[in-house]
Amino acid sequence: MKKVLLFGLLMLSSLVAFAQVEVKGLVKAGDDGQPMVGASVFEKGTLNGVITDIDGNYSITVKDANSILVFSSVGFRTTEVPVGARNIVNITLDVDSQLIDEVVVMGYSSKTRGEITSAVTTVSSEKLKDVVSNNIGDMLQGKVAGVTVIKSSGRPGSEPSIRIRGTSSMHASQEPLYVVDGIIGGSYDPDDVESVTVLKDAGATGMYGAQANGGVIVVTTKKAKTSKKLQFNFKANFGNVTPDFSRQRLMNTRQLYTYYREYFRDPETHLIDDLAFKKALPASILNNDTDWRSLITQNAVLHNYHFSVMGKNEWYSGYLSFSYYDEEGTIRNTGYKQFNVRSNNTFNLTKWLTLTANLDVSGNMSDNTDDNLVYYIGENIPFDSPYDENGNYRSFKNSKLYGRYDVNPMVGFESGKDVRNSKGFGTDLDFVVTAKITPWLSFVSQSRGSVGFWHSHNHRFKEVEYMKAGDEIGDSMSYSYGGISTNMFKADKTFGEHSISGLVGYEAQMTWGNDLTGSGEGLPFGLSVLDVASSNKDAAGNRERSGMQSIISQVNYNYAQRYFLTGSLRYDESSTFAPNHRGAIFPSLSAAWAINNEKFFNSNVITNLKLKASIGKTGMKDIGASKYLEAFAYTTQYDSNSAAVPIQMANPDLKWEETTQINVGTEIGIYDRISLDLNYYCNTTNDLLVYRDLAPSGGFAKQWQNIGSVRNSGFEAAVSVTPVKTKDLKWDVDFSISYNTNKLFNFGEGVEIKQSNYRSLTQIYRDNVPIYTWYLREYAGVDPQTGREQFVAEDGSLTYDYASARFVEAGTPIIPWQGGVSTMVAWKNFTLSANGSFVWGNTIYGRSRASRLATFVSNSLMPSNEDKIWRKPGDDATIGLPAYALASVYHTGDLVKGNYFKLRNVTLSYTLPKKITKDTGLTLSLSCDNLFTATTVWGADPEVSLSADSGVAGMIESIDNRYPNKRQYILQVNFTF
Amino acid sequence: MKKILNYFFIMVAGAGLMTSCDLDIAPENSLTGRQMTMSPTGTVDILNGCYAVMKDYPENSSSNNWYGRQFYQMSDFSSDDVVYGHATTDELNMIFKFEERHPGLSNVASFWSQSYKIIYSTNVAIDVISKEDNPSDEVKSLHGEALFLKAYVMHSLVRFYAKPYKAETAANEPGIIIRENGSDASPKGRASLKETYDYIVNCLLEAEKLMDVDVERSQSRCFASVGAVRALLSRVYLYMGEWDKCIEYSGKVINDSNYEIAGPAEFKEYFKSTWTSPETIWCLKMLPQDDKGSGSVASMIMKADGCWGEEGYSDPLLEDMGRGTSLEDDDIRWTFVCDVNTKNGLDLIPCSKLSWQDGKPTLFSPPFLRITEMYLNRAEAYAHKGDKANALKDVNEVRKHRMTANAEAHLYTESDIKTDIVDLVLKETRVEFAFEAHRFFDLMRNGKDIVRDYWGYHTQYAAGQSTAGKPALTAPGVTTKNSDTRLVFPIPSLEINNNQICEQNPGY
C-alpha cells in the first residue's frame with residue numbers, strides 16, 4: 001500500500017509540470033542529411049518529451065529559456081542543446097562512430113561503452129556475418145578473446161560448443177547462458193541479429209547468478225533505425241559444400257594388401273607365411289579397389305535467403321523478417337532446412353508508456369543417415385565391392401567378404417529405404433512493458449512465453465541390409481512450454497556530477513516438458529507409419545518440470561564520467577536441489593576509472609585510457625532435476641511385471657557449484673587507430689558438481705556430489721589496429737590471444753578421483769593438476785628386438801604386460817593458448833577480409849590409431865608418414881608386429897598434441913557505386929569458409945568435444961562415429977532498397 | 001484513464017514480486033525410497049527389478065555390457081570350448097586372451113557393478129520385509145526369493161573374481177565383498193572365500209525354509225522357487241566339495257515332480273521357450289522387446305541376421321561330442337552345430353543353441369538352473385566319492401534323454417572310463433552344457449588346465465590360422481595352468497579406485 005501511495009505521489013508531481021516556452025525544429029541524420037523520423041526530444045531532467053514526425057519535425061513546450069533539450073536516437077550520438085532565447089532549434093545528429101558511446105546491451109540493462117566496468121566484448125553483425133551458418137556460435141569462432149568455440153562435426157544444422165574463459169566444471173553444463181533481447185533463453189535467426197555481447201566476468205554476469213558460470217551471450221535482434229521510409233533488405237547466399245577429412249586418409253587396395261601381409265609375419269622367425277597369406281587373401285583381391293568413403297560423400301549445395309523490412313514513425317517502430325536456410329549434407333541423404341519469421345514491434349503508447357511485442361517463429365527439418373550404415377562404410381575395406389558383376393548392389397549376407405561386416409550398407413543409402421528425419425518447431429512471444437513513472441523511475445515488466453515441438457521419425461525397409469534383418473519404425477515426439485517473467489523497477493538520476501542508476505526486481509521461470517516415443521516392426525510394402533507396424537509395438541513417455549525463482553538488484557554509480565561503480569546482488573532458488581540447499585546469493589562489485597576523462601590527463605595520442613576491476617560470484621545448477629533424491633526407476637519390466645531398479649542414491653547435501661570471479665583490465669585507445677583491451681582474470685569454482693564414480697559394490701556406480709575446487713586464471717589481449725585509413729583505402733587488423741591455466745585443489749590430501757569412460761580411458765582429479773588430466777598406462781614404444789609394444793612397469797623397467805604397466809599423468813585436453821586473427825582491406829568499393837583461429841598446447845586422445853593396429857582386416861585408415869612397421873630385429877618402428885597387437889588398451893602412446901590453425905574464412909566483396917544504385921545498395925561477395933587447416937594431429941579433425949558427458953573429455957572419435965567437417969564456397973548478394 | 005493504467009501496472013509489479021513458484025519437483029518415472037516403502041507392491045517391484053537388471057542395459061554403458069551377455073562370455077570364452085574367430089576391439093578379446101586381461105575392462109566392471117546392484121536391491125527388500133511382525137506366506141516367500149537372488153548373484157561373482165574353493169585354503173583366500181544390508185555401502189574389504197561360501201549357504205538354507213510355502217509367484221519358472229533354492233544349494237555344495245550335501249540336494253530336486261529331464265524331441269526345441277519346460281528350474285525370461293540383437297548372448301556364436309557370428313565350436317569340444325561317429329546322427333545335441341563358415345582363412349562352426357525364441361536368432365531366455373544339471377552335479381559328487389556305479393547311472397540318465405536313436409549303444413559302461421570317472425562326468429557336462437557358461441567353472445573347480453590347441457586369435461598367430469597343423473601345446477596362448485593368476489578375473493579398477501581397502505587379485 002505504501003508503494004501505491006508513493007507511486008501516486010510521484011505521478012502527481014510529474015503531471016503538475018506546466019509550460020512556458022514552445023520550441024520547434026527539424027532533426028536530420030548526420031550520415032545522409034535526411035530528416036529523422038522517431039528521434040526523441042526531451043527536456044532534460046523531466047518526463048516531458050516528444051518524438052519527431054515523419055518529416056523530422058518536432059514541437060515541444062519547455063519550462064523556460066534555461067531548459068536543455070536532449071536529442072537522441074539509436075545509432076546516433078545523444079546531443080544536448082540549451083534552448084536559450086530561441087524558438088526554433090534545428091539539429092543534425094552525428095552518427096555514433098565513437099566506440100566509447102556505443103550502447104552495449106548487458107541483458108537487464110544497457111550501458112555506453114564508456115560506462116562499462118567489466119570484461120565485455122561486443123561483436124557487430126558485420127563482423128559476425130562473414131561466415132555463413134545457421135547459428136551464431138560458428139560465427140563467433142576466433143573472434144572474441146577468451147572464448148573457445150569447438151565444432152566437432154560438419155553435420156548440417158549442428159551447433160558448436162562454447163567455453164568462455166576455460167573449463168570450470170567437471171560434469172555440470174558449461175555452455176554459456178543466452179539472453180535474447182533482454183530475456184533469458186529464446187530463439188532467433190542469425191540474420192536478425194544486430195549485435196552480440198559476450199559477458200565474461202562476474203562484474204557483468206553476476207546479474208545472472210546461478211546460471212552464469214559459463215558466461216553470458218547477449219543477443220540483440222534488429223530494430224528499425226530512424227528512417228523516413230520503409231527500408232527493405234534482401235540477402236541471398238549460394239554455396240557449394242565439400243567434406244573436409246582433415247588429415248585422415250584411407251588406404252587403397254594395393255596399400256592395404258601390402259599392409260595386411262604384415263599380419264602373417266611369424267613372431268618367432270620374423271618371416272611372412274605367404275602360403276597362409278595367399279590362402280586367406282588371394283591376389284585376385286587386387287582386381288577390386290573400392291573407395292567406400294567416396295560412395296557416400298558428395299559435393300553439397302547450400303542456399304540461404306533473408307528478407308527484411310523495417311520502418312518507424314512517431315508511435316510505432318517495426319521490423320519484420322523472413323529467412324530460409326537450406327543446407328545439404330556432405331554425406332548422402334543428409335541435410336538441414338530452417339525457416340524463421342520474426343516480428344519486432346514497439347509501440348510508444350504515450351509519452352511514458354512503451355510496449356514491445358516480439359514474435360519469433362522458427363521451424364527446422366533435418367534429414368539424417370543411419371549412423372550404423374555410416375559406421376559400416378567406415379569399417380568396410382577396398383577389397384570388397386558393393387556391386388555384383390552386373391553393377392547392381394549385391395547382398396553381403398551370403399557372399400564371400402574380406403571385411404568384417406556382412407552388411408552391404410549402400411542399399412540403405414538409396415533414397416526412401418532408410419529414413420531418419422526430425423522436425424522442430426518453436427515460437428517465442430516476448431512482451432515488454434516499460435512505464436516511466438517519474439523522470440528517474442520506471443517500471444519494466446518483461447516476459448516470454450515459449451512453446452517448442454519436436455518430432456523425429458525413422459524407418460527402415462527390409463531390403464536394406466543391416467546387422468538385424470527386417471524393417472523397423474520409430475517415432476518420437478516431445479513438446480515443451482514454459483515462461484519467464486521479470487518485473488523490475490529501474491531508477492536513473494543525476495545530481496550534478498554524480499549519476500546513480502539501478503534496478504530491483506523479481507524473476508520466475510518454469511518449464512514443462514512431455515515426451516512420447518513409439519516403435520514397431522513389420523512394415524507392409526510402401527507404408528511407413530506406426531499404425532501399420534505388425535509386431536513388437538512398444539511405447540514410452542515421460543513428463544518433466546523444472547523451475548527457478550530469483551530476486552535481482554543492481555546499482556550503478558558514476559562520478560563525472562571518471563569513476564564508475566557497479567554492484568549487483570541476486571538471490572536464486574532452483575528445483576535442482578533439496579529445500580535446505582535451494583537458495584543461494586550471488587553478489588558482484590565492479591569499478592572503473594576513465595583516466596582520459598581526468599582534467600590532468602591531456603594527451604592527443606592516447607584518446608582512451610581506462611582501468612577496470614571486478615569481483616563477484618556466479619553459480620551453475622544445470623545438472624538436471626532432482627539429483628538429490630533417492631530414486632527407484634520404473635522404466636523397465638520383468639516378464640511384463642512392474643520392476644523398480646535403484647538408479648540414484650540420495651544426496652540431500654547436494655548444493656550449488658559457485659564461482660568467485662576476479663577480473664582486472666585496461667582499455668587503451670591510441671588516436672582512433674589502435675585500441676587495446678587487456679584483461680587478467682582469476683576464477684575459482686568451489687564445490688564442484690561431480691558425477692562421481694563410486695565403488696560399485698555399494699550398489700551404485702555413480703553419484704552427484706560436491707567435491708573440490710578448480711581455478712582458471714589467465715589473460716586475454718585483444719588488439720584492433722587500423723594501419724591505413726584514407727578516403728579510398730582502409731585496412732583493419734584485429735588480433736586476439738588468450739592464455740588460460742587450470743588447476744584443481746581442495747580435493748584433500750591423498751584424494752584421487754579417477755573417472756573413466758565406459759571402457760577404461762581414464763582421467764584423474766586431484767590437487768594441483770589441471771582438470772581432465774589424462775591418467776593412462778605409460779607406453780614405451782616398440783621393442784626394436786622383438787617388435788612388441790612395451791610399457792613402463794611400476795619400478796621403471798620395461799614390460800610387454802599391459803596390466804602391469806604403471807599409470808602416469810599425461811597432459812590435458814584443456815586448451816592453454818588460443819586466439820584469432822582477422823583482417824579487412826577496403827579499397828574503394830572492394831573489401832577483402834580473412835579470419836583465422838588457432839589452438840595450441842592441449843593433449844587429446846586419438847582413438848583411431850589404437851583401433852587400426854589392433855584389428856585384422858577391419859578398416860583401412862592410413863598410418864601417418866612418420867609411422868614405420870616393425871619387420872626385423874633392430875627396426876626402429878612405431879607400429880609393432882601385429883601378432884602382439886593389443887586391442888582395447890589405453891596408453892600414453894595414443895595421446896597427441898591438439899595444435900591447429902584454421903583459416904576460417906576469406907571473403908571478397910564488391911559494393912556497387914552509389915551513383916549507379918542511387919537510393920539502393922547492392923553488394924556482391926564471394927567467400928570460402930574453413931579454407932585451410934594446419935595441424936599436428938594425424939587423422940580426423942582436431943576439434944574435439946570438451947565435455948565429459950561420456951566420462952572423459954578430449955577424445956577424437958574414430959572415423960565411423962563422426963560426421964566430417966566441411967569446407968564451403970559461398971556467393972552472396974545483398975540488396976537494400 | 002491514465003491512473004487506471006498506473007494502478008494496473010502497480011498490481012502487475014506487485015503480483016510479480018510476491019508470487020513464488022513451487023520448486024518441489026520429483027521425477028515422474030521413479031519413486032523415492034520413502035515412497036517405495038509406502039507402495040503396497042514396493043517389495044515385489046524391487047525384486048522384479050533384480051531380474052530386470054540381469055536383462056537390461058546398465059547405466060552409462062554400451063548396449064553390449066548387460067549381465068547375461070557378460071556372464072556367458074566371461075565363462076565360455078575363458079574355456080576350451082570356443083574358437084575366437086575374428087580379432088576385435090570389443091573387450092571380449094581379453095576374455096579369450098588371458099595375458100591381456102587388466103582391471104580396466106568394461107565387461108569385467110559391468111558384470112561386477114550389476115551384480116552388486118542386484119545385491120543392493122535384495123538387501124533393500126529384506127530390510128523392508130524384516131520389519132514385518134507376522135509375515136504372510138507371500139511375504140515369507142518374497143523374503144526367500146530375495147535371499148536366493150542374493151546368493152545366486154554372489155555365487156556367480158565368487159566364481160569369476162576369486163580362486164576356486166578348496167576347503168584347506170578357503171579361510172585364507174579372499175572371496176568377495178559381502179554387503180549385509182541396504183545401508184552397508186561404505187568402503188569394505190573382501191571376506192575370505194570360506195566366509196563368502198558360508199554366507200551364500202546360510203542365505204540359501206534360510207530361503208529354503210521361507211520358500212517352502214505354496215504361493216502363486218514361485219510356480220512360474222521365471223521366478224525363484226524352493227526348487228531353485230535347492231538346485232543352487234546342490235551347485236554350491238558341489239563347488240565346496242561337500243559331496244554328500246550335493247547329492248542330498250540334487251536328489252531333492254530330482255525327486256521334485258515339478259521338474260523332469262527333457263527327452264530328445266523336447267530338448268531340440270527346449271531353448272526356444274525355456275520357461276515352459278519342466279526341464280527348467282529357473283530361467284531369466286526375455287520378452288521380444290528385450291531382444292538385445294547384436295548384443296545378445298547368441299550374437300557372437302551364431303551366424304544369422306543380427307549376429308556377429310565370429311566365434312564357434314572348438315575342435316576338442318566337437319571331439320568330445322563324438323565327431324565322425326554315429327553320435328552326429330543320434331545325439332540331439334548335434335542339432336545345434338551349424339555349417340562351417342570360412343572367413344579370411346579361418347573355419348568357424350557356429351552354434352544355434354541360444355537362438356530362435358519366437359523365431360528370432362538373437363532372442364533367448366537363459367535357463368540359469370535346469371534339472372539336467374542336478375543329475376550331472378550328483379554324478380560328479382559320486383565320482384569324487386569313487387562311487388562309479390552311481391556316477392555312471394546319472395550320466396547315462398542324461399545320455400538316454402539326448403539320443404534320438406540307438407540310445408542303449410551310446411550309454412557308458414565302466415570300460416568307457418579312460419582316465420578317471422570324474423573326467424567322464426566332466427565330458428558329459430561339457431557336451432550337455434556347451435555354450436551355457438559351465439565349462440570354464442567345471443575345469444577351474446576340478447583343478448584342470450585350460451588347453452586350447454586349436455587355431456584362433458587366442459594364439460599369438462595374428463592371422464588366426466596357420467597352414468601348419470595344430471598349434472603346439474607349448475605355443476603361446478595354448479596351455480594355461482589352472483593356477484595361472486590371470487584365470488581369476490581382476491577386481492574392476494572402478495572398485496579398487498573408490499574402495500581402497502578392497503584387495504586386488506594377484507597378477508594385476
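In strand E48 of chain A, A:Lys897 is the bridge partner of A:Thr843. The model is predicted, and local features are reported at pLDDT of at least 70, side-chain atom pairs at pLDDT 80 or more, while totals for chains, interfaces and linings use all residues. Residues are numbered from 1 along each chain as its sequence is written, chains are lettered from A and ligands numbered from 1 in the order in which they are written, and side-chain values use heavy atoms, without hydrogens and water.

**Sheet in chain A**

Strand E47 (residues 843-846) of chain A pairs with E48(A) in the antiparallel sense over three bridges. Two strands pair if DSSP finds at least two bridges between them; strands (E, at least two residues) and helices (H or I, at least four) are DSSP runs numbered from the N terminus. The two strands belong to an open sheet of three strands with the order E48-E47-E51 (chain A) and mixed pairing. Strand E48 (895-897) and strand E51 (955-956) of chain A are the edge strands, each pairing on one side only.

**Helices in chain B**

Helix H6 (residues 106-130) and helix H7 (residues 137-161) of chain B pack at an angle of about 155°, with their axes 9 Å apart. The axes are lines fitted to C-alpha atoms over the stretch in contact, and angles run from 0 to 180 degrees between N-to-C directions. H6(B) and H7(B) are therefore roughly antiparallel (over 145 degrees; under 35 is roughly parallel, 65 to 115 roughly perpendicular, the rest oblique). The contact of H6(B) with H7(B) comprises 18 nonpolar, five polar and one charged residues.

Helix H4 (residues 67-76) of chain B has ten of its ten residues buried, so the helix is largely enclosed by the rest of the structure. Buried means under 20% relative accessible area, exposed over 50% and partly exposed in between, with a 1.4 Å probe and protein chains only. Among the buried residues of H4(B) are B:Arg69 and B:Asp76.

**Aromatic pairs**

Over all chains, the structure holds 75 aromatic pairs. Rings of Phe, Tyr and Trp (its six-membered ring) pair if their centres lie within 6.5 Å; planes under 30 degrees apart are stacked, over 60 edge-to-face and the rest tilted. Two of the pairs are tabulated.

| Pair | Centre distance | Plane angle | Class |
|---|---|---|---|
| A:Tyr58 and A:Phe71 | 5.6 Å | 75° | edge-to-face |
| A:Tyr765 and A:Tyr772 | 6.5 Å | 80° | edge-to-face |

A:Tyr58 lies in strand E4 (residues 57-62) and A:Phe71 in strand E5 (residues 68-72) of chain A, 13 residues apart. Both A:Tyr58 and A:Phe71 are buried. A:Tyr765 is buried at 0% relative accessibility, and A:Tyr772 is buried with a relative accessible area of 0%.

Note on methods
Ala, Val, Leu, Ile, Met, Phe, Trp, Tyr, Cys and Pro count as nonpolar, Asp, Glu, Lys and Arg as charged, and the others, Gly among them, as polar.
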